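Trainee: Please take me through one part of this protein in detail. I would like to follow the annotated domain, from its core to the ligand.

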Amino acid sequence: MQVTVLGSSGRTGIHVVRLLRRHGHTVYAGLRSTRHGEAVAGLGARPVPADLASDPASLVEAFTGSQAVINTAGAADPDPSAVNLVDRDGAIAAIHAAEQAGVQRYVQLSAQFADSPDQGDRLVRSILLAKQVSDSKLRRSSLIWTIVRPGNLTDDQGTGRVKVAGHLEPGTVARADVASVLVGALSEPRTENQAFDVLTGDVPVGAALASMG
Ligand SMILES: NC(=O)c1ccc[n+]([C@@H]2O[C@H](COP(=O)([O-])OP(=O)(O)OC[C@H]3O[C@@H](n4cnc5c(N)ncnc54)[C@H](OP(=O)(O)O)[C@@H]3O)[C@@H](O)[C@H]2O)c1
């Protein structure tokens, strides 16, 4: 399968690129800056310009020919204006671009509590609200979607074991395991048109995803 990854240079995105390549997929690694091109090319992915805050036509170009998009991007700056630009408006632009480019499958990395965003401090609330709006846009799109809502992300080594459910208690999960869930969703029909929380747990990712729906 050809997959375009948004936010390929990110701490979760790079795990996604690596895993997709390991599974034999053709990967277009979406980058907002060319400075990470060599790192993704070294993993066997093809770097493509994909800035969520820039010209949407470049997103259509980055998606053309791909059957799936995985969006792992998130604003580098937690200020609400930057978050709205990337996590809300940029994510929505990417959904529209995927529809235009004829993409069938779309996997979005959201955040735990994005579906009940009235909590946390001002910055957390703005991130959750931005993700709530873009998640809701994805649900109403023509794409086959999956929305993955992880708890707090860590850089711990992945265990390959998670807990998934519609809603979970607050918790943490390794970025490497979130990447396994995002990639695993592409080949698990039970995750189609589903939104769920993910935390570290004791169920192998494949079995956890097969229990959805
Ligand atoms: N931190 C947490 O505990 C937590 C919890 C739940 C969910 N999340 C969400 O999980 C996602 C991944 O988090 P992370 O910590 O792995 O991310 P990260 O390391 O901060 O990486 C974010 C990625 O998004 C890219 N990006 C930023 N602005 C962009 C734009 N305008 N267009 C395209 N790409 C852009 C960055 O590119 P550059 O390298 O060029 O900056 C980078 O590749 C984010 O959406 C975050 O909100 C985070």
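**The annotated domain**

The UniProt record, an unreviewed entry, carries the annotation "domain: NAD(P)-binding" over residues 7-189. UniProt positions follow the numbering used here, feature names are shortened, and annotations may be inferred rather than shown by experiment. Residues are numbered from 1 along each chain as its sequence is written. This is a predicted model: local features need pLDDT of at least 70, side-chain atom pairs count only at pLDDT 80 or more, totals for chains, interfaces and linings use all residues, and side-chain values use heavy atoms, with hydrogens and water left out.

Start with confidence. pLDDT is the predictor's confidence in each residue, from 0 to 100. The protein chain averages 97, and 100% of the residues score at least 70. Among its elements, strand β4 (residues 68-71) has the highest mean, 99. Helix α2 (residues 37-41) has the lowest, 96. Helices (H or I, at least four residues) and strands (E, at least two) are DSSP runs, numbered from the N terminus.

Over residues 7-189 the chain is 41% helix and 20% strand. The end C-alpha atoms of that stretch are 24 Å apart.

Now the core. A nonpolar core is a set of buried Ala, Val, Leu, Ile, Met, Phe, Trp, Tyr and Cys residues joined through side-chain atoms within 4.5 Å. Buried means under 20% relative accessible area, exposed over 50%, partly exposed in between (1.4 Å probe, protein chains only). The largest core has 33 residues; V16, L20, I70, V181 and L182 touch the most other members. Helix α6 (residues 175-186) gives the most to this core, with seven residues. A second, separate core of 25 residues includes V69, A73, I95 and A195.

Look at I70. Leaving aside neighbours within four places in sequence, its contacts (heavy atoms within 4.5 Å) include V5, L6, V16, L20 and L182.

Next, the ligand. There are 25 residues around the ligand (a heavy atom within 4 Å). S9, T12, R32, L52 and R175 come nearest. A polar side-chain atom of R175 lies 2.8 Å from a ligand oxygen. A polar backbone atom of A73 is 2.9 Å from an oxygen atom of the ligand. For G74, a backbone N or O atom lies 3.1 Å from a ligand oxygen.

S187 lies in the loop between α6 and β10 (194-200). S187 counts as exposed because its relative accessible area is 61%.

Key
Contact means heavy atoms within 4.5 Å. A polar contact is a pair of N or O atoms within 3.5 Å; within protein, one must be able to donate a hydrogen and the other to accept it, and residues adjacent in sequence count only if both atoms are side-chain atoms.
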